[in-house]
Amino acid sequence: MKKSCISRTQGTYRAALAPYSVWSLLFVIVPLVFVAYYAFTDNSFSFTTENITRFFTATSNMIQDDGTTTEVRTYLLIFGRSLKLAVISTLACLVLGYPIAYIMARAKEKTQKTMVTLIMIPMWMNFLIRTYAWMTILQDTGIINGILTKVGLNPIHVIGSETAVIIGMVYDYFPYMVLPIYSILAKLDVKLLEAARDLGCGTVSVLRRVVFPLSMPGVVSGITMVLIPSISTFYISQKLGNGKFFLIGDAIEGQYVANNLHFAAAIAFILMLILLVGMAIVKYVAAKYVYGGE
Amino acid sequence: MKKIIELRNISKAFGDETVLDCISLDIHDNEFITLLGPSGCGKTTTLRIIGGFEFPDEGDVVFMGDRINDMPPHKRHVNTVFQKYALFPHLNVFENVAFPLRERKVPKSKIKEKVDRMLSMVMLSGFAERRVTSLSGGQQQRVAIARALVNEPKVLLLDEPLGALDLKLRKDMQQELKKIQKNTGITFIFVTHDQEEALSMSDTIVVMSEGKIQQIGTPSDIYNEPVNAFVADFIGESNILDGVMLEDYRVSFAGQTFECLDSGFARNEPVDVVIRPEDVDIVAPERGMLCGTVTSVTFMGVHNEAIVDIKGFKWMIQTTDPVEEGAYIGITLEPDAIHIMKKSKYSGMFGDYSSFSNELEELSNPGGAENE
C-alpha cells in the first residue's frame with residue numbers, strides 16, 4: 001500500500017516538473033549547445049579551433065595618451081577592461097548595498113516592505129530607458145551640471161568616462177546585490193546577535209564576527225548576480241561611455257551584428273567558461289571563510 | 001549569604017501591556033534560583049532585564065552593589081544559555097566555546113586549555129572539530145552551557161534551557177546542571193514553566209504570575225505552604241475549597257469542622273483550604289469524615305488517581321490502595337494535611353477537578369505539550 005502511495009506522489013511530482021524540464025531543455029540547454037557548436041566550427045560547419053585562438057591572438061594598434069602606438073591583444077585587452085569595470089561596479093554595489101540591506105533587515109516589518117518596493121521600482125522600468133535617463137543626468141549640459149552651475153560651482157565632465165559607465169552599472173544592478181543579502185539578513189536569528197552581545201561583543205564585533213560571516217551566502221549570490229551581467233553588458237558602455245569603452249559584450253554584439261556568428265559564439269563561450277571558473281573559486285573561498293572559523 | 005543581584009521595584013511594559021509590575025528580588029551568591037510561572041508571567045522578561053537585553057521602565061537593577069540599569073549586555077559579568085541555544089552555525093564546537101575568549105584577546109594557548117577543560121566538563125571532549133549543526137539537541141545544549149561558562153561569569157542565566165529536550169534527556173540534564181552549579185559555585189538563575197523541574201533543582205523558587213511575584217521560598221516551603229490559590233494550583237495538584245476559620249486551629253469546610261495547625265486568622269474569616277491529593281486517606285464510608293462517590297480512576301503507575309464527588313465538589317485523591325469507579329467511599333484528613341490560605345484574587349479560580357482531564361490540562365498548559 002505504502003509503496004504505491006509513494007510512487008504515485010513521485011509520478012505526480014514528475015508530471016508537474018515536466019513543463020519546466022521541457023522549458024529549460026529548449027531555452028537553456030539547447031542554446032548553450034548551439035553556442036558551443038558554433039564556437040568550434042567555421043562557416044561551413046566543420047570543426048575548427050580557429051575562433052578560440054583568434055580571441056587570444058588577434059592584435060591591433062592602440063594609440064597611447066602620449067601619442068605613441070603600441071600593439072595590443074585586442075580581445076584580451078577588451079576582456080581585461082570589462083573585468084575591471086565589472087569588478088569595480090560589483091564592489092561599489094556591495095559597499096553601498098550591504099549597509100542598506102542590513103538596515104532594511106533590522107527595520108520594522110512595514111518599513112521593510114516599503115524599502116523593498118522602493119529598491120525594486122526602478123527594475124519595473126526598461127533598462128534602456130534608465131540608461132537614457134542617466135545620460136540626461138550626466139551630460140555636460142545635464143541635470144547635475146545644471147545644479148552645480150546654479151550653486152556657483154564648476155561643471156564636471158562625467159559622460160563618456162569610465163566613471164559614467166560604472167555609475168550606470170551600479171544603478172542598474174544595485175537591486176541584484178541588495179535583495180539577496182537582505183533576504184539572508186532578514187532570516188538571521190536575532191538570538192544569535194543577542195548571544196554575541198551576551199558573550200562580550202560590542203556592535204562592531206557582532207557585525208564582524210557573526211552578521212557578516214552568516215550573510216556570506218547572500219553576498220556570494222549578490223556578487224554573482226551583479227558581476228555576471230556587468231561583465232557582459234554592452235549597452236551601458238555605448239551610451240554612457242560614448243562608445244569609447246568597448247567592452248566584451250560590445251565585442252560579442254559587434255561580431256553578431258556583422259554576421260560573424262562563429263566568432264561571436266567563441267567569445268561568448270570563453271566568457272562563460274571564465275565566469276564559471278571564477279564563480280566556482282568565489283564559492284569555494286566563501287565556503288572556506290564562512291565555515292572555517294578564525 | 002552575599003547578595004549578588006538586587007532587583008528593586010522593577011516595572012516594565014511593552015506598549016499598553018504591563019509585563020512586570022513592581023517586582024523586587026534579591027539573588028544571593030552561589031544560589032540556584034528558579035523563576036517559575038506560566039508563559040506571559042514575566043519570568044523571561046525578568047531574565048532579559050538581568051542580562052541587559054531589556055531595560056526596566058522603573059526601578060533599579062543592582063549588581064554587586066552597583067546600579068547597572070543602562071549597562072549593555074557585553075559589559076555585564078553575566079552570561080546566558082538561550083532557549084534554543086543560539087549556537088553560531090558558522091563555527092565549530094571549539095570555536096563556539098572559544099568565541100568569548102577570542103573577543104577578550106586571550107592568548108591562544110590559554111584558549112585551548114580553557115576550551116578543552118569546558119568541553120570535558122560537559123562531556124564533549126572529542127567533539128571540538130564537529131559542526132554544531134551536526135550535533136543532537138542534548139549535545140548542542142552542552143555546547144551552549146560550556147560557551148556561557150567559559151568566561152567564568154558571576155551569574156549564569158538559563159532561559160528554559162531544557163524545554164526542547166525529551167523527558168529522559170531532560171532529567172539527566174537537570175542532574176548535570178545542578179552538579180555543574182555546585183562545582184563551579186556560580187549563581188544560576190533558571191527560568192522554567194515546569195514546576196517539577198523547579199522543585200527538583202532549585203535552592204530558591206520564585207513563583208510569578210501576571211507580572212507579579214506570588215511567592216519566594218525553598219521548594220518545600222512553596223509546596224507545603226503555598227501563599228494563595230494560584231501557587232497551590234500551579235505547584236503540584238491541589239484540592240482548593242472555600243472554608244471558614246472558626247477560631248485558631250479549627251476550620252470548617254465541606255459542611256464539616258476540622259482540626260488544623262493554622263492560627264492567627266480573624267474569627268469566622270473566610271479562607272481557602274488546600275488539601276494535597278496524596279494527603280487524603282481513603283477509609284470505609286462509616287469511618288469517613290466526608291463521604292463521596294468515585295467518578296473516575298486513572299492508573300498512574302506508582303499510584304491511582306481518583307476523582308471523588310463529595311457534595312458536588314470533585315476532589316482529586318492519590319492513593320496506592322486499589323479503588324473502583326462508582327464505589328462509595330469515606331475519606332479522613334489529618335490536621336497536618338489541611339493548609340489554610342488567606343483569600344486572594346485567585347480564590348475560586350482553581351482547585352475543583354470537575355472539568356479535569358489530562359488532555360485539557362495539556363491544552364491549557366501555557367508551556368506547550370512537552371510539559372508532562
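Reader: Let's start with chain A: which domains is it divided into?
Author: Heads-up, this is a predicted model: local features need pLDDT of at least 70, side-chain atom pairs count only at pLDDT 80 or more, and totals for chains, interfaces and linings use all residues. Residues are numbered from 1 along each chain as its sequence is written, while chains are lettered from A and ligands numbered from 1 in the order in which they are written. The domain bounds come from an automatic or database domain assignment. On that basis, chain A is split into domain 1 (1-39) and domain 2 (78-291).

Reader: How many residues does each of those domains put into their contact?
Author: Taken over C-alpha atoms, the centres of domain 1 and domain 2 of chain A are separated by 32 Å. Contact here means that the C-beta atoms of two residues, placed from the backbone, lie within 7 Å. By that rule, domain 1 of chain A gives four residues and domain 2 of chain A gives six residues.

Reader: And which class of residue does domain 1 of chain A use there?
Author: The classes are nonpolar (Ala, Val, Leu, Ile, Met, Phe, Trp, Tyr, Cys and Pro), charged (Asp, Glu, Lys and Arg) and polar (the others, Gly among them). On the side of domain 1 of chain A that touches domain 2 of chain A, there are no polar and no charged residues, and four are nonpolar.

Reader: Moving to the chain interface, which element gives the most to the side of chain A that touches chain B?
Author: In total, 19 residues of chain A are in contact with 22 residues of chain B. Elements are DSSP runs numbered from the N terminus, with helices as H or I of at least four residues and strands as E of at least two. α8 (190-198), α9 (203-214) and α13 (261-291) of chain A each give two or more residues to this side. The top contributor, with six residues, is α8(A).

Reader: What about the five-stranded open sheet: what is its average twist from one strand to the next?
Author: Its order is β15-β19-β16-β17-β18 (chain B), with antiparallel pairing. Angles run from 0 to 180 degrees between N-to-C directions, and axes are lines fitted to C-alpha atoms, for helices over the stretch in contact. From one strand to the next, the twist averages 45°.

Reader: Last one: which residue in the turn of the hairpin formed by β4(B) and β5(B) has a positive phi?
Author: β4 (residues 58-63) of chain B also pairs with β1 (residues 3-14) of chain B, antiparallel over five bridges. With β5 (residues 66-67) of chain B, β4(B) pairs antiparallel over two bridges, and B:V62 stands opposite B:R67. Two residues lie between β4(B) and β5(B), and the one with a positive phi of about 45° is B:M64.

Note on methods: Pairing = 2+ DSSP bridges.
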